[in-house]
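Dear colleague,

Please find the structure handed over below.

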Amino acid sequence: MAPKFVIAVDRIPSDGWSVHIDLRSEQASAIARERGWTRIEWVSGPEGNARVLRSGRDVFVTGEVRAMVRCTCVRCLERHDRAVTEAFHLTYVTDIDAAPGEHELRPEEMEVEALPGDTVDVADIAVEQVLLALPDHPVCHPDCRGLCPVCGTDRNRTPCDCRAEAPDPRFAALARWKSSRAS
Ligand SMILES: [Zn+2]
Ligand SMILES: [Zn+2]
């Protein structure tokens with residue numbers, strides 16, 4: 001990734017390192033693809049700010065990131081753009097200063113993610129934060145009516161007369177009972 005978004009842990013200044021995030025869509029796509037997210041299209045790449053601080057073996061990354069991504073609605077399959085704004089406050093642990101033989105995590109570090117490698121890649125983090133903020137099952141609109149399971153019509157555009165659900169068997173029994181009484 002672009003070196004401007006990467007800092008080595010042992011080069012983090014004592015008063016922290018601030019970086020402006022302005023990734024192009026292609027850069028964001030490349031990072032997302034490496035993580036297996038191939039179905040996301042980036043309308044505008046992550047933009048925002050991050051600050052990296054280090055205290056001993058702990059590395060803190062805080063910031064905020066905004067992006068516009070194109071998702072596919074799980075109900076009607078329409079593509080729709082979704083604005084994401086995500087603030088993050090992450091803690092990693094690094095063994096960079098560990099004394100020889102002291103590579104085991106302290107108990108309080110067990111919950112904390114280990115920093116992969118000896119660098120912090122803010123571009124990776126920004127993309128990951130946007131991806132994690134996306135819903136598992138995106139819908140174009142909360143009231144999306146989706147595709148008709150019978151005829152496939154997009155019911156947001158054209159209503160259809162199909163009966164979406166099979167009739168409830170209890171009501172069918174009731175209807176038979178009623179019609180038997182009527183005759
Ligand atoms: Zn939809
Ligand atoms: Zn239909």
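In what follows, a contact means heavy atoms within 4.5 Å. Helices (H or I, at least four residues) and strands (E, at least two) are DSSP runs, numbered from the N terminus. The model is predicted, so that local features need pLDDT of at least 70 and side-chain atom pairs count only at pLDDT 80 or more, while totals for chains, interfaces and linings use all residues. Residues are numbered from 1 along each chain as its sequence is written, chains are lettered from A and ligands numbered from 1 in the order in which they are written, and side-chain values use heavy atoms, with hydrogens and water left out.

Overall architecture. The protein has 3 helices and 7 strands, in the order β-β-α-β-β-β-β-β-α-α from the N terminus. Of its 183 residues, 32% count as buried; buried means under 20% relative accessible area, exposed over 50%, and partly exposed in between (1.4 Å probe, protein chains only). Among contacts between residues at least 6 apart in sequence, 61% join residues at least 24 apart.

Helix α1. This helix spans residues 25–34, and its buried residues are Ser25, Gln27, Ala28, Ser29, Ile31 and Ala32. Those buried residues pack against β2 (17–22), β3 (41–55) and α2. After α1 comes Gly36, with a positive phi near 85°.

The zinc site. Cys148, Cys151, Cys160 and Cys162 coordinate the zinc ion (ligand 2), each through SG, at 2.3 to 2.4 Å. Donors are N, O and S atoms within 2.8 Å of the metal (3.2 Å for Na, K and Ca); water is not among the atoms, so sites may look incomplete. The 4 donor atoms subtend angles of 104 to 113° around the zinc ion (ligand 2), and the arrangement is therefore tetrahedral, a term that requires all angles of four donors to lie between 85 and 135 degrees. Along the chain, the donors follow the spacing C-x2-C-x8-C-x1-C. Cys148 and Cys162 both lie in the loop between α2 (122–133) and α3 (169–182), so the pair ties together parts that are 14 residues apart in sequence. Cys148 counts as buried because its relative accessibility is 4%, whereas Cys162 is partly exposed, at 29% relative accessible area.

A loop residue. Leu77 is found in the loop between β4 (58–72) and β5 (79–93). Its phi is near 65°, a positive value in a residue other than glycine. With a relative accessible area of 53%, Leu77 is exposed.

With kind regards

Notes
Four donors count as tetrahedral if all angles lie between 85 and 135 degrees; four count as square planar and six as octahedral if opposite donors are over 155 degrees apart and all others between 65 and 115; anything else is irregular.
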